[in-house]
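Morning, everyone. Let me put the model up, and then we walk through it.

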Amino acid sequence: MQDVRLPKYQWGQPVAAAIDLVNDGSHPNAEPDALLVTAGTRGEVVQVGRHVDSNTPVYLVEFGQGVVVGCTEEELVA
């Protein structure tokens, strides 16, 4: 059994994109590989989930104007 990694960020917490975030194919309103959010863009964690296979936290972050992106901890900064 894998160790459970506790979330670094919490619901409602302000964060920013640490890197440019591009569509990996999971964002239905954008073309694959389209730029979704540029590095440094501020947002807010709106949901905290868990990736089933790796047992790691996944964050839904609203970056404004209806842009909601699923992010890993490595893609965010407080």
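Let's start with one residue. V37 touches A17, I19, D20, L21, F63, V67 and V69, leaving out residues up to four places away in sequence. Contact here means heavy atoms within 4.5 Å.

Ground rules next. This is a predicted model, so local features need pLDDT of at least 70, side-chain atom pairs count only at pLDDT 80 or more, and totals for chains, interfaces and linings use all residues. Residues are numbered from 1 along each chain as its sequence is written, and side-chain values use heavy atoms, with hydrogens and water left out.

Now the core. V37 belongs to the largest nonpolar core, which has 13 residues. V37, L21, V61, F63, V69, C71 and L76 touch the most other members. Strand 1 (14-17), strand 3 (35-37), strand 5 (56-62) and strand 6 (68-71) each give two or more residues to this core. By nonpolar core I mean a set of buried Ala, Val, Leu, Ile, Met, Phe, Trp, Tyr and Cys residues joined through side-chain atoms within 4.5 Å. Buried is under 20% relative accessible area, exposed is over 50%, and partly exposed is in between, with a 1.4 Å probe and protein chains only. Strands are DSSP runs of E, at least two residues, numbered from the N terminus.

Five strands form an open sheet in the order 6-5-4-1-7, with antiparallel pairing. Strand 6 and strand 7 (76-77) are at the edges with a single partner strand each, so one side of each has no neighbour in the sheet. Pairing needs at least two bridges found by DSSP between two strands. Strand 5 and strand 6 have four bridges, and Y59 has C71 as its bridge partner in strand 6.

Next, the largest pocket. What is its volume? About 270 Å³. A pocket is an open set of points on a 1 Å grid over the protein atoms alone, where a 1.4 Å probe fits, with protein on both sides within 12 Å along at least five of seven lines; lining residues have an atom within 4 Å of a point. The volume is the space filled by probe spheres set on the points. Of 16 lining residues, D24, S26, V69, G70 and E75 are the closest to the centre. Strand 6 gives the most to the lining, four residues. By class, the lining has nine nonpolar, four polar and three charged residues.

Now some loops. H27 is in the loop between strand 2 and strand 3. Is H27 buried or exposed? Buried, at 16% relative accessible area. Beyond four places in sequence, H27 is in contact with L36 and V68.

E74 sits in the loop between strand 6 and strand 7. E74 is exposed, at 54%. With neighbours within four places set aside, its contacts are R5 and A18.

Last, backbone angles. N55 has a positive phi, near 60 degrees, and is not a glycine. N55 is in the loop between strand 4 and strand 5 and is buried at 15%. Q65 is not a glycine either, with a positive phi of about 55 degrees. Q65 is in the loop between strand 5 and strand 6 and is exposed at 86%.

Methods. Nonpolar A, V, L, I, M, F, W, Y, C, P; charged D, E, K, R; others polar.
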